[in-house]
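Hi,

Here is the structure I promised to send over. Have a look at the model first, and my notes on the sheet follow below.

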Amino acid sequence: MKFTLINEIVQNFKGDAVVVFSNSNTVFNDDNIQQLIKLNHFDSKPGKVLLLNLVSGFKSKQVIVSGVGDAPISAKNYVKALNAVIIILIEIKAKNLMVQHIGIKDFNELWVHETTAKVMYNATYKVQKVGSCKKQNSGIECIAIQSTMDSIYGLMKGQAIADGMSLTRHLGDLPSNICTPSYLADTAMSLAQEFNLECEVLEEVDMEKLGMCSLLAVSKGSSEPPKLISLSYQGNGNEKPIVLVGKGVTFDSGGISLKPGTGMDEMKYDMCGAASVLGVMRVIAQIKPKINLVVVLPAVENMPAHNASKPGDVVKSMSGKTIEILNTDAEGRLILCDALTYVKRFNPEVVIDVATLTGAVVIALGKYNSGLMSNDKDLANDIISASKVSLDGVWQLPIEDEYDELLQSNFADMANIGGSEAGSITAGCFLSRFTQDYRWAHLDIAGTAWLSGDKKGATGRPVSLLTQFILDQI
Ligand code: BES
Ligand code: MN
Ligand code: ZN
């Protein structure tokens, strides 16, 4: 599937279909189309589409009218319209098509190119059935976006982001018997090969030597060996890098604090943080901006076993701080804290960790916004700005002493849980105890990384947000 720009009126496009947009106030400026819209009582609500065949005056076989709601057209409505269009395009088996240009409130034309490519490509993603080697194909070959511009930067960026998101979604959707910590390490190494990146994988013995007893306390009940994976992209000499850390629990059973059975299969998605930072690395390696980026993936499996960690166990983290493991299901923070200590060696400009960290964030924000916490106001604001451009939402939660105090332990420097209240914030406070030496933000993506029910599948979030954040730093 390819995107191009085309400087032509939609009536003259000779491919299979053209996509035109209609808002509630004015309809597309073509008499035939206007009549047909009226005849079909099409109301232009975003998400609604009208399929028209052999419209006179049009050289393409079919015209798809897609509703975009009220003018000025909002970014969210435009995305809704594009997603609806893709479903129809696949149904009518369109191969070559053209998308009409429309202006979007608050954004320029390059953003429209980028978003169109990103959203349309992403909407054609199909889960690859386990065991089948043939890649599912939408059948769409080329999408031409109407434009008078020459620059294809928007298209290139949108397609790169969509490619990164595909990688993230694919890894997330893989079952945990395939996508193990070793599998994530292999994926990172092939990315390094393909894009000429530097890759380092630390084994259990290496982590022992570094004193990562908190991370190893999570993995020790599993027969899958843990891995600490680092990938570096150097696009700007020896400048300080942006460092991303992604939680890579390839299956979270809860450990001895075993989770209830219902929906436990979804804990294969507990490595979506790791998958998303790999996805971002793929995007950046493809776009090649002048920036340095390091992604770090602590990858483990959390299982109950005779040799697993038990509630009440006390471990010493790489930082020297001791932790009382009151609940073995609060394992994400136990692997992240050692990874967050480890990344100091990269002399980071900023560190952002990405983790499916708490069920509480799903209760607070649902599947719409990721939870954002930070020790730096400007950094948080930059992430919020990037989320508005990428339409990959975040909502900030506070990090304050009152919450931090809930981590008090009688037997160690801290406990790994803070009680039943404000679970996402106490998790963030736990991490903040290991990030005092640099500017840091935490994204809790437990609600946004995958969908449940009959739409079950990874979303590829927050690849788009993080890419935008990184490119904004140049
Ligand atoms: N991976 C889970 C968080 C999670 C739960 C994500 C449900 C998506 C849906 C995490 O490791 C976890 O189990 N967190 C516990 C923390 C608690 C024990 C303090 C939780 O949220 O229940
Ligand atoms: Mn857990
Ligand atoms: Zn987990």
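Let me start with a pairing: Asn 53 stands opposite Gln 62 in β4. Likewise, Leu 52 has Val 63 of β4 opposite. These belong to β3 and β4 (residues 62–67), which pair in the antiparallel sense over five bridges. On pairing, two strands count if DSSP finds at least two bridges between them; helices (H or I, at least four residues) and strands (E, at least two) are DSSP runs, numbered from the N terminus.

A word on the basis: this is a predicted model, where local features need pLDDT of at least 70, side-chain atom pairs count only at pLDDT 80 or more, and totals for chains, interfaces and linings use all residues. Residues are numbered from 1 along each chain as its sequence is written, chains are lettered from A and ligands numbered from 1 in the order in which they are written, and side-chain values use heavy atoms, leaving out hydrogens and water.

β4 also pairs with β2, in the parallel sense over six bridges, and Val 19 has Ile 64 as its bridge partner in β4. Six of the six residues of β4 are buried (under 20% relative accessible area; exposed is over 50%, partly exposed in between; 1.4 Å probe, protein chains only), so β4 is largely enclosed by the rest of the structure. Gln 62, Ile 64 and Ser 66 cover one side, with Val 63, Val 65 and Gly 67 on the other.

The whole open sheet has six strands in the order β1-β6-β5-β2-β4-β3, with mixed pairing. Because β1 (2–6) and β3 (49–53) stand at the edges with a single partner strand each, one side of each is left without a neighbour in the sheet.

Best wishes
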